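These are my notebook entries on one protein chain.

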Amino acid sequence: MRKFAVLTRAKNAEVHEGNIPEVGDNQVLIKQETCNICTTDYGQWLGLREHQPYPMAGGHEGSGVIVRKGKNVREELNIGDHVALAYDYCGECKSCQIGKTSECKEVFNPFKDKNEEGYYGHLGFATYAIKNANAVIKMNEEISFSEMGFLEPLATVVSGLKKLRVSAMEKIVVIGAGTMGVLNAQVVKAFGAEVIMTEMMDKKIEAARKMGLDVIDIKEHNPIEKVNSITNGKGADAVILAVGNTKANDQAIEMVKEIDGRILLFAAGHPAPSINVDSNLIHYRKLELLGTYGANIKDFNESATLLNNKNIDVSKLVETKVPLNDIQKAYEIASTEGNYRVSVTLQ
Ligand SMILES: [Zn+2]
Ligand SMILES: [Zn+2]
């Protein structure tokens, strides 16, 4: 038997039981150690995600140990290996063939299809999970399982930053020092660029500063003026929006350099924010507004390299660990403003 968490309705998470499925030829059975709670998960727990149905057995930031292996699984993966999970993809459709595996439509859709237990969702918060081996990535055993769970969020950051084309010595502003803001900032630094963050919550400001990041406290300073002075009146080369709100969007337009500035819309907001911008201004200033969402298998592998080589330290982004039986409490902590990732322990 296995146990897994289910959202039956807003504000209600339960632990249900089911059978461990058979392992297919191209699959592995993973004894899952942890699964971290993503914004997508706790957003639904809060009742803020109308497009995500119930009952939802969600979760997608899982990690664990391979305990069974199908006969066609590549040699690199073996029983006992520590692994983290990427997005499923078929490998054969047109999107997959050009490397855009996140656009693959030939796989399970967690918001539309029911899983083997009869629920929506990826069954992430499950004690055992069956996964197609092509979406399973081997991880360095020196890293904790909770940290391995950052493979997916970090992959989305890698994907976004490629689109933003960050280069060394640029000055990049990251608006918002939540989990995704800090991950963006760390990877921008790894790319050799300079990072300035803006944030209003004391807890996040202190935590980000402890991680060696420069943060403008927007309660004390006007962030637009401050960015302007730090960049000697030039403005930021690029701005990453790691929060989804209209005010931040508008600030980004003002903070970015006059000509050829780039803005990455990393975060969604619910209800949907807007951008108050005159399109002539985008034209004359030659601005780039870039969207990003999800990650391809290549991004997942690059994310794994960053984690496995310890180029990025995500240990301080684990707010706390909560056992599966206390899933309700885990969601409460995860959805408390200012908290980083809550890692649900599954064994
Ligand atoms: Zn996630
Ligand atoms: Zn495909």
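Before the first entry I needed a definition: two strands count as paired if DSSP finds at least two bridges between them. I also note that the model is a predicted one.

**Entry 1: strand β15**

I began with β15, and looked up which residue in it is the bridge partner of cysteine 35. The partner is valine 344.

I then turned to strand β14, residues 318-323, which runs parallel to β15 and is joined to it by five bridges.

Four of the five residues of β15 (341-345) are buried, so the strand is largely enclosed by the rest of the structure.

As a reminder to myself, strands of a sheet pair through backbone hydrogen bonds, either parallel or antiparallel.

**Entry 2: the open sheet**

I next traced an open sheet of six strands, with parallel pairing and the order β10-β9-β8-β11-β12-β13. The edges are held by β10 (215-217) and β13 (288-291); each has a single partner strand, so one side of each is left without a neighbour in the sheet. On average, neighbouring strands of this sheet are turned by 20° against each other, direction ignored.

Within the sheet I examined β8 (residues 171-175) and β11 (residues 238-241), which pair in the parallel sense over four bridges. Valine 174 stands opposite isoleucine 240 in β11.

Two helices on this sheet were also looked up. Helix α5, residues 179-190, lies across β8, β9 (194-199) and β11, and runs at about 165° to β9. Helix α7, residues 223-230, packs on the sheet and touches β8, β9 and β10; its direction makes about 140° with that of β10.

**Entry 3: helix α6**

In α6 (residues 202-210) I found Lys204, Ile205, Ala207 and Ala208 to be buried. What covers these buried residues includes α5, β9 and β10. Just after α6, glycine 212 takes a positive phi of about 85°.

**Entry 4: helices α4 and α10**

At what angle do the axes of α4 and α10 cross? The axes of α4 (residues 151-164) and α10 (residues 297-308) come within 8 Å and cross at roughly 115°. Angles of 65 to 115 degrees count as roughly perpendicular, and the two helices are therefore roughly perpendicular to each other. Their crossing is right-handed. Among the residues that make the contact are Leu151, Leu154, Ala155 and Val158 of α4, and Phe300, Ala304, Leu306 and Leu307 of α10.

**Entry 5: glycine 43**

Is glycine 43 buried or exposed? This residue is found in helix α1 (residues 39-45), and glycine 43 is buried, with a relative accessible area of 5%. Leaving aside its neighbours within four places in sequence, glycine 43 is in contact with Leu48 and Arg49. I also looked up glycine 91, which is 48 residues from glycine 43 along the chain; their C-alpha atoms are separated by 30 Å.

Note on methods. Residues numbered from 1 in each chain as written. Chains lettered and ligands numbered in written order. Predicted model: local features only at pLDDT ≥ 70, side-chain atom pairs only at ≥ 80, totals over all residues. Heavy atoms only, no water. Buried < 20%, exposed > 50% of the residue type's maximum accessible area, 1.4 Å probe, protein only. Axes fitted to C-alpha atoms, helices over the stretch in contact; angles between N-to-C directions. Parallel < 35°, antiparallel > 145°, perpendicular 65-115°, else oblique. Left-handed = near helix turned anticlockwise from the far one by under 90°. Contact = heavy atoms within 4.5 Å.
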